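My entries are set down below in the order of the look-ups.

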Amino acid sequence: MSYHHDLAHQLRRRGCTEKAVADVLHTVDEAVTATGTSPVEEFGSPEDYAAQFSGPRKRTPGQKALGVF
């Protein structure tokens, strides 16, 4: 799989919106084009780079009930 595919997958797993995923991928493209390096050299592994991003966390009904008590 490609760096972009793996990064997008990791970002989605972290709850990022599709707009956020697209923005991050665009940033990666711009940086790689500007520096002439590979994404791994520039940002590290997709898992490591995605770890600094997160999206809104969904709460289950059980978590909401626990929050009330």
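**Basis.** I note that this is a predicted model, in which local features need pLDDT of at least 70 and side-chain atom pairs count only at pLDDT 80 or more, while totals for chains, interfaces and linings use all residues. Residues are numbered from 1 along each chain as its sequence is written, and side-chain values use heavy atoms, with hydrogens and water left out.

**Whole protein.** I looked up the secondary structure and found five helices and zero strands; helices (H or I, at least four residues) and strands (E, at least two) are DSSP runs, numbered from the N terminus. The order along the sequence is α-α-α-α-α. Of the 69 residues, 23% are buried, where buried means under 20% relative accessible area, exposed over 50%, and partly exposed in between (1.4 Å probe, protein chains only). I then took the accessible surface, about 4,900 Å², and noted that carbon and sulfur atoms hold 57% of it (Shrake-Rupley method, 1.4 Å probe; for residues, only the protein chains shown count as cover). Among contacts (heavy atoms within 4.5 Å) with a separation of 6 or more, 60% join residues 24 or more positions apart.

**Helix α1.** Which residues of α1 are buried? In this helix, residues 3-13, I listed Tyr3, Leu7, Ala8, Gln10 and Leu11. They lie on the same side of α1, because their arc around the axis is only 165 degrees; the arc is that of the directions from the helix axis to the C-beta atoms. An α-helix has 3.6 residues a turn, so residues three or four places apart point the same way. I traced the packing of the buried α1 residues to α2 (18-35), α3 (39-43) and α4 (46-50). Just after α1, I recorded a positive phi of about 90 degrees at Gly15.

**Aromatic rings.** I found two aromatic pairs. Rings of Phe, Tyr and Trp (its six-membered ring) pair if their centres lie within 6.5 Å; planes under 30 degrees apart count as stacked, over 60 as edge-to-face and the rest as tilted. Phe43 and Tyr49 are tilted, because their planes meet at 40 degrees, with the centres 4.6 Å apart. Tyr49 and Phe53 are edge-to-face, at 85 degrees between the planes and 5.3 Å centre to centre. Tyr49 is buried at 8% relative accessibility, whereas Phe53 is partly exposed at 24%.
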